[in-house]
Amino acid sequence: MIFSCGLSCATRFYFAWEGRIIKAQNQLNGEIRDREIRVISSTGEQLGIMTPREALRLAEEENLDLVKISPTAVPPVCKIMDWGKFKFEQAKKEKENRKNQKIVELKEVQLSMTIDVGDINVKAKQATRFLEAGNKVKVSIRLRGRQMAHASLAKKVMTDFADLLKELAVIEKPVNQEGRNLIMILAPAKK
């Protein structure tokens, strides 16, 4: 059971039922309540171990903030920095990371056990478009009625289909039967 303690600081604390404090964000300036802390200057130089009051005075002289960056260390490590600039740079890095992320979709191509050569070529062209766009392709065959007794024929259709695309794709997940369906996943080949 977790509930808020009602602090109106930049950092909120949540008290767990056992009475432990769980930190949601970094502690700033007057929120640091430890007896002594290890202080790092804004240039990265170690200033040594001191009380939070002394460290806060040093930070205020430079018009910067005192931020606890490693609360689990003994003694906790605090750094003198511009908190607003730090948060802005963190948000900028996260935005850049999200922009550089490539989302790979899983497209599906459905075949049948009795598919003809012309139809399998059409499906191969469709799968080629998906693979060239950088997406994975899920190839599936649904076995109906008596086709369940001849699953080996459906597996042959799947392997023939994979052979048509062997220059563009690699088999990420080989042919696998799941109930009435045979499924295979193809991924774009590395160039």
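Reader: What does the chain average in pLDDT?
Author: This is a predicted model, and its chain averages a pLDDT of 80. At least 70 is the score of 86% of the residues.

Reader: Which elements have the lowest and the highest mean pLDDT?
Author: The lowest mean belongs to strand β3, residues 21-23, at 40. Strand β9, residues 136-142, has the highest, at 91.

Reader: And where does pLDDT stay under 50?
Author: Over residues 1-24. For that stretch the model has 34 contacts beyond four places in sequence.

Reader: OK, helices. Which residues of α1 are buried?
Author: Helix α1 covers residues 52-61, and Pro52, Ala55, Leu56 and Ala59 are buried there. These four are on the same side of α1, because they cover an arc of only 100° around the axis.

Reader: What do the buried residues of α1 pack against?
Author: Four strands: β4 (37-40), β5 (46-50), β6 (65-70) and β7 (77-81).

Reader: Which exposed residues are on the face turned away from the buried side?
Author: Arg53 and Glu61 are the exposed residues carried by that face of α1.

Reader: What follows α1?
Author: Asn63 follows α1, and its phi is positive, near 55°.

Reader: How many bridges join β4 to β5?
Author: There are 4 bridges, and the two strands run antiparallel. As an example, Val39 has Gly48 in β5 as its bridge partner.

Reader: New topic. How do β10 and β11 pair?
Author: Strand β10 (residues 169-178) and strand β11 (residues 181-188) pair in the antiparallel sense, over 7 bridges. They form a hairpin with 2 residues between them. Gly179, in the turn, has a positive phi of about 70°.

Reader: Which residues stand opposite each other there?
Author: Glu178 stands opposite Asn181 in β11, and Ala169 stands opposite Pro188 in β11.

Reader: How many bridges join β11 to β9?
Author: 6 bridges join them, and these strands run antiparallel as well. Here Val139 stands opposite Met184 in β11.

Reader: Why is β11 called largely enclosed?
Author: 6 of its 8 residues are buried, so β11 is largely enclosed by the rest of the structure.

Reader: Which way do side chains point along a strand?
Author: In a regular strand they alternate between the two faces of the sheet.

Reader: Last one, Thr128. Where is that?
Author: Thr128 is found in helix α3, which covers residues 117-132.

Reader: Is Thr128 buried or exposed?
Author: Thr128 is buried, because its relative accessible area is 18% and buried means under 20%.

Reader: What is Thr128 in contact with?
Author: Leaving aside neighbours within four places in sequence, Thr128 is in contact with Leu165 and Leu168.

How values were computed. Residues are numbered from 1 along each chain as its sequence is written. Side-chain values use heavy atoms; hydrogens and water are left out. Buried means under 20% relative accessible area, exposed over 50%, partly exposed in between (1.4 Å probe, protein chains only). The arc is that of the directions from the helix axis to the C-beta atoms. Contact means heavy atoms within 4.5 Å. pLDDT is the predictor's confidence in each residue, from 0 to 100. Two strands pair if DSSP finds at least two bridges between them.
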